Amino acid sequence: MKRFSENILDSIGSTPLVSLDRLFGSNRNVYAKMEGANPAGSMKDRTSKNIIESLLLCGKISRGSTIVESSSGNMAVGLAQVCKFYGLELIIVVDLKLNPHVRKMLQAYGATIDTVTMPLKVGGFLAARLQRVSELLDIVPNSCWSNQYGNNQNPMAYTTLMDELTQALPVIDYLFVATSTCGSIMGCADYIADRGMSTKTVAVDAVGSVLFGGHSAPRSIPGHGASIASQFLDRKKIHDVVTVDDHDCVKGCNMLLEREAILGGGSMGALVSAFGKIESHIPENSISVLLFADRGERYLDTIFNPAWVADHIDRDSHTRKGANKEINNAILLDS
């Protein structure tokens with residue numbers, strides 16, 4: 001048995017699997033895959049390592065090259081660690097929603113932060129960030145786009161995660177994954193389909209996201225949902241979609257902290273709320289896994305700050321409650 005990691009990147013993966021009995025009860029058999037235990041703090045450590053090492057292996061980049069990427073947070077930090085390790089420069093294109101904690105982490109790693117301040121009429125801030133990526137690639141010498149939105153090394157990074165889950169559990173009936181680029185959920189769904197597993201993959205999306213045909217609208221909590229379509233998504237491999245709003249995310253994070261003592265990020269709160277919404281449709285004694293993407297320290301200034309919640313979430317509560325009523329009537333698309 002291996003007793004140590006060869007280097008910090010070698011420690012990525014083999015994250016804990018934790019029962020959520022206090023939150024959902026012992027007859028529900030709900031487990032959390034704690035991806036926040038990765039060294040840079042999220043499941044995007046897997047993605048970042050896979051993409052960068054693939055680019056190095058094929059010779060598209062080498063020490064001293066500059067990686068350019070658009071990110072709302074976790075991918076940025078994952079890339080910052082991997083680029084620091086391999087002697088690569090990094091430019092992260094962000095928007096005004098970048099939370100202060102992530103900004104400080106990127107600065108500590110030595111990444112250059114390029115901020116777009118105006119959303120595009122079509123595609124919002126994400127489209128604006130991608131446009132800026134294209135501009136930077138034209139003007140920065142020896143630069144390369146890691147392209148988490150279209151690089152197949154993104155979904156392929158989750159083969160090892162699924163290996164870990166299938167080795168730990170006798171069967172997985174439901175797998176809940178928050179969606180953004182859809183790299184993680186499609187990596188898991190492809191694994192399930194290729195091996196003929198009976199696991200039902202449940203996508204958790206945000207109100208205001210267009211990934212599953214919704215209308216684009218402002219969102220205050222990053223990490224799940226998107227304002228442009230995913231290049232990875234294959235709807236036929238997704239069993240159900242549950243949509244949650246920002247208020248659901250905050251509520252789920254608070255429940256997770258109070259009942260399980262887990263300080264979780266926004267998409268973790270979304271998963272908790274999503275499972276609660278369809279819990280009555282899941283047979284007792286089923287085995288469910290929630291893919292917890294990160295950890296909550298990055299959200300101390302936002303989700304866990306009552307003043308921020310009052311200003312950014314509660315002010316729109318009447319609108320969000322109306323949206324929830326519509327969403328709850330169409331939770332299970334394939335039931």
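A salt bridge is a side-chain nitrogen of Lys or Arg within 4 Å of a carboxyl oxygen of Asp or Glu. In this predicted model, the side chains of Glu164 and Lys33 meet that criterion, with an N to O distance of 2.7 Å. The two partners sit in distant parts of the chain. Glu164 belongs to helix 7, Lys33 belongs to strand 2 (residues 30-34), and 131 residues separate them. Side chains of opposite charge can pair when their charged atoms come close. A search of the whole structure returns twelve salt bridges.

The UniProt record, an unreviewed entry, places the feature "domain: Tryptophan synthase beta chain-like PALP" at residues 9-292. In the model, that span is 39% helix and 17% strand. The C-alpha atoms at its ends lie 20 Å apart.

Helix packing was examined next. Two packed helices are described by the angle between their axes and the distance between the axes. Helix 7 (residues 159-168), which carries Glu164, packs against helix 8 (residues 183-194). Their axes come within 9 Å and cross at roughly 60°. The two helices are therefore oblique to each other. Helix 7 passes helix 8 in a right-handed crossing. On the helix 7 side, the contact is made by Thr159, Leu161, Met162, Asp163 and Thr166. Helix 8 contributes Cys188, Tyr191 and Ile192. By class, the residues of this contact comprise five nonpolar, two polar and one charged.

A second pair involves helix 2 (residues 44-57) and helix 3 (residues 74-86). Here the axes are 8 Å apart, and the packing angle is about 45°. Angles under 35 degrees count as roughly parallel and those from 65 to 115 as roughly perpendicular, so helix 2 is oblique to helix 3. The crossing of helix 2 and helix 3 is right-handed. From helix 2, the contact draws on Lys44, Asp45, Thr47, Ser48, Lys49, Ile51, Ile52, Glu53 and Leu56. From helix 3, it draws on Asn74, Met75, Gly78, Leu79, Gln81, Val82, Cys83 and Tyr86. The residues of the contact of helix 2 with helix 3 include eight nonpolar, five polar and four charged.

Helix 3 also packs against helix 4 (residues 100-109). The angle is about 10°, and the axes are 9 Å apart. Helix 3 and helix 4 are therefore roughly parallel to each other. Ala76, Val77, Ala80, Gln81 and Lys84 of helix 3 meet Val102, Met105, Leu106 and Tyr109 of helix 4. Seven of these contact residues are nonpolar, one is polar and one is charged. Gln81 is listed in the contact with helix 2 and in the contact with helix 4.

Asn29 has a phi near 55°, a positive value in a residue other than glycine. Asn29 lies in the loop between helix 1 (21-24) and strand 2. Strand 2 is the element that holds Lys33, the partner of Glu164. Asn147 is likewise not a glycine, and its phi is positive at about 55°. This residue is located in the loop between strand 6 (143-145) and helix 6 (153-156).

Definitions and conventions: Residues are numbered from 1 along each chain as its sequence is written. This is a predicted model: local features need pLDDT of at least 70, side-chain atom pairs count only at pLDDT 80 or more; totals for chains, interfaces and linings use all residues. Side-chain values use heavy atoms; hydrogens and water are left out. UniProt positions are given in the numbering used here, feature names are shortened, and annotations may be inferred rather than shown by experiment. Helices (H or I, at least four residues) and strands (E, at least two) are DSSP runs, numbered from the N terminus. Axes are lines fitted to C-alpha atoms, for helices over the stretch in contact, and angles run from 0 to 180 degrees between N-to-C directions. Angles under 35 degrees count as roughly parallel, over 145 as roughly antiparallel, 65 to 115 as roughly perpendicular and the rest as oblique. A crossing is left-handed if the near helix is turned anticlockwise from the far one by less than a right angle, and right-handed if clockwise. Contact means heavy atoms within 4.5 Å. Ala, Val, Leu, Ile, Met, Phe, Trp, Tyr, Cys and Pro count as nonpolar, Asp, Glu, Lys and Arg as charged, and the others, Gly among them, as polar.
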